[in-house]
Amino acid sequence: MQKCSGKVREKMKNNLIGKKLIWLSMFMALSVVGATIKIPAIVGSIALDSFPALLAASILGGGAGAVAGALGHLVSAMLSGFPLGPMHFLISMEMAILIWMFGVFWHHHKKVVASLFFILGNSIMAPLPFLFILGKGFYWAVLPSLILSSAMNTGLALLLIPRLVPIITNRLFKGEIKG
């Protein structure tokens, strides 16, 4: 293990932050791509925009995943013409919280809890405000599509996380000096 000066350590820290921002940008771009893959639903903004955010949460941390998830939802809603109007900002905040919590559970090695929390939170809990705003009919009509898309987004993330973690962490920390 090599010792390094404060300047070298600061440069390496800045380099790591830059690399994380680049990877976050990639996950955000993937969320935009996923936003174009729609799941048939009563509301046209249900899409595969969450799985890149779940990847970001598991690899880069919950905060990074939350940013990618909120942006992914807003782009998905925009591509559908914002069918729920300004309520999409509430949904993007819910998405950010759910993905952030997924990251917290994931990093505490509670992968099953993280997955179930996201699926149940995104499909059953997140639309609850709309039960009171738009009524029971809307809630029950959107529920099957949300369950399906949440399970698909989580399944894709669980499939890709073990394959991407070694690649991304090797690139993030390549050449970093410990000390």
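Me: What share of the 179 residues in the protein chain is buried?

Reply: A residue is called buried when its relative accessible area is under 20%, exposed when it is over 50%, and partly exposed in between, using a 1.4 Å probe and protein chains only. In this protein chain, buried residues make up 44% of the 179 residues. This is a predicted model, in which local features need pLDDT of at least 70 and side-chain atom pairs count only at pLDDT 80 or more, while totals for chains, interfaces and linings use all residues. Residues are numbered from 1 along each chain as its sequence is written, and side-chain values use heavy atoms, with hydrogens and water left out.

Me: Where in the protein chain is confidence lowest, and where is it highest?

Reply: The score to read is pLDDT, the predictor's confidence in each residue, from 0 to 100. The mean for the protein chain is 87, and 90% of its residues reach 70 or more. Helices here are DSSP runs of H or I with at least four residues, strands are runs of E with at least two, and both are numbered from the N terminus. Confidence is lowest in helix α1 (residues 6-35), at a mean of 81, and highest in helix α5 (residues 111-125), at 97. The protein chain has seven helices and zero strands.

Me: In which helix is Ser145 found, and which residues does Ser145 touch?

Reply: Contact means heavy atoms within 4.5 Å. Ser145 is found in helix α7, which covers residues 136-173, and Ser145 touches Ile39, Pro40, Ala41 and Ile46, not counting residues up to four places away in sequence. With a relative accessible area of 10%, Ser145 counts as buried.

Me: How should I read the aromatic pair of Tyr139 and Trp140?

Reply: Rings of Phe, Tyr and Trp (its six-membered ring) pair if their centres lie within 6.5 Å, and planes under 30 degrees apart count as stacked, over 60 as edge-to-face and the rest as tilted. The structure holds five aromatic pairs. Among them, Tyr139 and Trp140 form an edge-to-face pair, 5.4 Å centre to centre with 85° between the planes. Tyr139 is buried because its relative accessible area is 6%, whereas Trp140 counts as exposed because its relative accessibility is 55%.
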